[in-house]
Amino acid sequence: MGRIGIFFASETRNTAEVARLIQQHYLPAGTADVHDLEVADAAQVDAYESLIFGTSTMGCGNFSSTLEAFLPELDKVDLSGKTVALFGLGDQYGYPAEFCDALGLLYVELLRRNAYVIGSWPTAGYSYEASRADLGDGSFCGLVLDQDNQPQLTEHRLANWITAIQPSLLPGTPPIALQREASVRPMTPGNRRAA
Ligand SMILES: Cc1cc2nc3c(=O)[nH]c(=O)nc-3n(C[C@H](O)[C@H](O)[C@H](O)COP(=O)(O)O)c2cc1C
């Protein structure tokens with residue numbers, strides 16, 4: 001078992017794909033496990049001191065049904081000793097008034113359960129009207145990715161974010177040298193079919 005548990009909620013697999021990339025290309029080998037929240041349980045979350053949660057926003061700014069269904073499981077876990085980083089996927093042009101809202105909703109749920117949340121991310125470089133993930137101080141509460149409009153920026157954003165959070169999630173481990181395979185393909189429907 002790795003030292004970091006990566007848990008994701010994903011409807012059309014974009015977030016699932018990013019979770020897998022983080023595990024396989026952006027963190028040292030063997031340090032992280034990936035779990036789909038659709039089938040995960042509280043004991044699995046509790047097994048890790050360091051956690052990464054990823055969620056997309058679907059259904060106009062709400063939690064996905066997967067995440068909503070998982071919240072009672074989170075109540076069974078003492079998150080007060082755990083370090084948590086968050087990432088979210090959204091569509092800033094399609095949903096400019098609800099951009100990555102589920103990420104912000106998840107952040108509040110984790111704070112309410114006393115998790116220590118790290119990994120805020122600058123809002124510069126995104127265009128939107130409102131977002132629950134926007135902390136109001138020039139940062140989002142976690143890494144924000146937009147595979148619909150800015151897939152070409154995802155690789156760079158992931159690399160910088162992981163470099164920033166790795167010392168907190170995996171104390172004492174050197175950052176990995178990124179390989180060429182680490183590049184994130186634009187996740188168009190065509191790509192997904194070919195994968
Ligand atoms: C029906 C539907 C509703 C969506 N609602 C939102 C939204 O409210 N806010 C947002 O930022 N993105 C929204 N999106 C965009 C998705 O979050 C985005 O495509 C994301 O990459 C999907 O990730 P997933 O495949 O992991 O679910 C929506 C997409 C769909 C298809």
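Visitor: Where is Cys-100 placed, and what makes it count as buried?

Guide: In this predicted model, Cys-100 sits in the loop between β4 and α4. A residue is buried if 20 or more other C-beta atoms lie within 10 Å of its own. Cys-100 has 32 C-beta neighbours inside 10 Å, and therefore counts as buried. Its phi is positive, about 55°, although Cys-100 is not a glycine.

Visitor: Why is Arg-13 called partly exposed?

Guide: The term partly exposed falls between the limit for exposed, 12 or fewer, and the limit for buried, 20 or more. Arg-13 has 15 C-beta neighbours inside 10 Å, so it counts as partly exposed. Arg-13 belongs to the loop between β1 and α1. Its phi is near 80°, a positive value in a residue other than glycine.

Visitor: How do you know that Leu-37 is buried?

Guide: Leu-37 has 24 other C-beta atoms within 10 Å. The cut-off is 20 or more, so Leu-37 is buried. This residue is in the loop between β2 and α2. Setting aside neighbours within four places in sequence, Leu-37 is in contact with Phe-7, Phe-8, Ala-9, Thr-66, Leu-67 and Phe-70. From Ala-124, which is 87 residues away along the chain, Leu-37 is separated by 30 Å between C-alpha atoms.

Visitor: Why is Ala-102 counted as buried, and with which residues is it in contact?

Guide: Ala-102 lies in helix α4. Its C-beta neighbours inside 10 Å number 25, against a limit of 20 or more, so Ala-102 counts as buried. Neighbours within four places in sequence aside, the contacts of Ala-102 are Thr-55, Ser-56, Thr-57, Asn-62, Phe-63, Ser-64, Leu-67 and Gly-88. Ala-102 and Gly-88 are 14 residues apart in sequence, and their C-alpha atoms are 7.6 Å apart in space.

Visitor: What makes β3 largely enclosed by the rest of the structure?

Guide: Seven of the seven residues of β3 are buried, and the strand is therefore largely enclosed.

Visitor: With which strands does β3 pair?

Guide: β1 and β3 run parallel and are joined by six bridges. Within this pair, Phe-8 has Gly-54 as its bridge partner in β3. β3 also pairs with β4 in the parallel sense, over seven bridges. There, Leu-51 stands opposite Val-84. The path of the chain from β3 through α3 to β4 forms a right-handed β-α-β crossover.

Visitor: How do you know that β4 is mostly covered?

Guide: Seven of the seven residues of β4 are buried. Thr-83, Ala-85, Phe-87 and Leu-89 point one way from the strand, Val-84, Leu-86 and Gly-88 point the other way, and all are buried.

Visitor: How many bridges join β1 to β2?

Guide: There are five bridges between these parallel strands. Ile-4 has Ala-32 as its bridge partner in β2. The chain crosses from β1 through α1 to β2, again as a right-handed β-α-β crossover.

Visitor: Which residues have the most contacts inside the largest nonpolar core?

Guide: That core has 53 residues, and those with the most contacts inside it are Ile-4, Ile-22, Leu-86, Leu-103, Leu-106 and Val-144. Elements supplying at least two residues each include β1, β3, β4 and α5. Helix α4 gives the most, with six residues. Residues up to four places away in sequence not counted, Leu-106 touches Phe-53, Thr-55, Leu-67 and Leu-86. In soluble globular proteins, nonpolar side chains tend to be buried together.

Visitor: Which residues come nearest to the ligand?

Guide: Of the 23 residues around the ligand, the nearest are Ser-10, Thr-12, Thr-15, Ser-56 and Gly-90. By class, the shell has six nonpolar, 11 polar and six charged residues.

Note on methods. Residues are numbered from 1 along each chain as its sequence is written. This is a predicted model: local features need pLDDT of at least 70, side-chain atom pairs count only at pLDDT 80 or more; totals for chains, interfaces and linings use all residues. A nonpolar core is a set of buried Ala, Val, Leu, Ile, Met, Phe, Trp, Tyr and Cys residues joined through C-beta atoms within 7 Å. Helices (H or I, at least four residues) and strands (E, at least two) are DSSP runs, numbered from the N terminus. Two residues are in contact if their C-beta atoms, placed from the backbone, lie within 7 Å. A residue is near a molecule or strand if its C-beta atom, placed from the backbone, lies within 6 Å of it. Ala, Val, Leu, Ile, Met, Phe, Trp, Tyr, Cys and Pro count as nonpolar, Asp, Glu, Lys and Arg as charged, and the others, Gly among them, as polar. Two strands pair if DSSP finds at least two bridges between them. A crossover is right-handed if, with the strands pointing away from the viewer, the path from the first strand over the helix to the second runs clockwise.
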